[in-house]
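The sequence and the model come first, followed by the description.

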Amino acid sequence: MTTALAHDYAQGHDTYLYGGHGRDLDFQPLVDAGWRTDKGPHLSVCVAPDGLAEMNHVRGTLDHQAELSGYQYRWSASGGRDGYRSSWHATFTTHTPSHLIAATATALANPAPVPRYEAEIPKRNLAAARVTPVPPPVPTPLDVRRATAARARSAGHRALAHVPAKAMAMAVSRPSAALPTPSRRR
C-alpha cells in the first residue's frame, strides 16, 4: 500500500487523491489467499484464516463529511488481538482511489513475513507471530569507518571527562605509542 501511495505521489498531479473510487472493489486478493468472505446486503466482511485480520466494505449511501471525520467508512481493515496497543485499524473513504484499496488488500493477503523487531510486537500478539532470528547485516567499509570514528570521538570525550587535570597535563605531554610522532620544524 505505501509503495503504491509513494508511486502515485511521485507521479504528481495528485493521482494519489483521485482515480477510480473504491466503491465496487471486491475481496479477490483476499479470497485467493483463503480468507473467509461473508457478503451481506449492506456489509461485506472478509476474515483471515487465522482470524487475526479482516477487511470490511459498507454498501449504500454514506455522508461524505461523516466519512472524513471518521464516523463512517466505506472500507476498513484491521488486525491483531483486541486491546490497546495490540491492534491496528485503517479506514478508506468512498473517494479513496480503488487501486490503493486493492494494494492494501494485496498486502494483507501476502503471506511473506514483515520484518519487525521483537520488541515492537505486542506481547499478546507474539504467540501469533513467527519469530525468526535474522543475522545482522555485514557492515560495509563505510559503516566500519563511521563506527571507528564514533568510538574515537566518544572515547576521547569520556577520557576528558574522567581524567583529573594533573593526569591530563601528563597525558598531553606524552603522546601515545599508537599515535604517529609529530614532525619537528627547525
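## Fold and strand pairing

The chain contains 7 helices and 5 strands. It is a predicted model. Read from the N terminus, the order of elements is α-α-β-β-β-α-β-β-α-α-α-α.

Of the 186 residues in the chain, 21% count as buried. The accessible surface of the chain is about 14,200 Å², and carbon and sulfur atoms account for 58% of that area. Where contacting residues are at least 6 apart in sequence, 45% of the contacts join residues at least 24 apart.

| Strand pair | Sense | Bridges | Residues opposite each other |
|---|---|---|---|
| S1 and S2 | antiparallel | 4 bridges | Asp 38 and Val 45 |
| S2 and S3 | antiparallel | 5 bridges | Leu 43 and Val 58 |
| S3 and S4 | antiparallel | 5 bridges | Met 55 and Ala 77 |
| S4 and S5 | antiparallel | 6 bridges | Ser 76 and Thr 91 |

Strand S1 covers residues 36–39. S1 and S2 make a hairpin that has 3 residues between the strands. The hairpin of S2 and S3 has 5 residues between its strands, and Gly 51 in this hairpin adopts a positive phi near 75°.

## Core and aromatic pair

In soluble globular proteins, nonpolar side chains tend to be buried together. Here the largest nonpolar core has 13 residues. Phe 27, Leu 30, Trp 35, Cys 46, Met 55, Trp 75 and Ile 101 are the members that touch the most other members. Strand S3 (53–58), S4 and H4 each give two or more residues to this core. H4 gives the most, with 3 residues.

The structure holds 1 aromatic pair. The ring centres of Phe 27 and Trp 75 lie 5.6 Å apart and the ring planes are at 80°, so the pair is edge-to-face. Phe 27 is in the loop between helix H1 (2–11) and helix H2 (28–32), while Trp 75 is in strand S4 (residues 75–80), so the pair ties together parts that are 48 residues apart in sequence. Both Phe 27 and Trp 75 are buried.

Which residues does Phe 27 touch, not counting residues up to four places away in sequence? With that exclusion, Phe 27 touches Thr 37, Lys 39, Ser 44, Val 45, Cys 46, Met 55, Asn 56, His 57 and Trp 75. Among them, Cys 46, Met 55 and Trp 75 also belong to the largest nonpolar core. Val 45 is the residue that stands opposite Asp 38, and Met 55 stands opposite Ala 77 in S4.

Where does Thr 94 lie? Thr 94 sits in the loop between strand S5 (87–92) and helix H4 (98–109). Is Thr 94 buried or exposed? Its relative accessibility is 2%, so Thr 94 counts as buried; the cut-off for buried is under 20%. The side chain of Thr 94 makes a polar contact of 3.0 Å with the side chain of Arg 74.

Methods: Residues are numbered from 1 along each chain as its sequence is written. This is a predicted model: local features need pLDDT of at least 70, side-chain atom pairs count only at pLDDT 80 or more; totals for chains, interfaces and linings use all residues. Side-chain values use heavy atoms; hydrogens and water are left out. Buried means under 20% relative accessible area, exposed over 50%, partly exposed in between (1.4 Å probe, protein chains only). A polar contact is a pair of N or O atoms within 3.5 Å; within protein, one must be able to donate a hydrogen and the other to accept it, and residues adjacent in sequence count only if both atoms are side-chain atoms. Contact means heavy atoms within 4.5 Å. Accessible areas come from the Shrake-Rupley method with a 1.4 Å probe; for residues, only the protein chains shown count as cover. Rings of Phe, Tyr and Trp (its six-membered ring) pair if their centres lie within 6.5 Å; planes under 30 degrees apart count as stacked, over 60 as edge-to-face and the rest as tilted. A nonpolar core is a set of buried Ala, Val, Leu, Ile, Met, Phe, Trp, Tyr and Cys residues joined through side-chain atoms within 4.5 Å. Two strands pair if DSSP finds at least two bridges between them.
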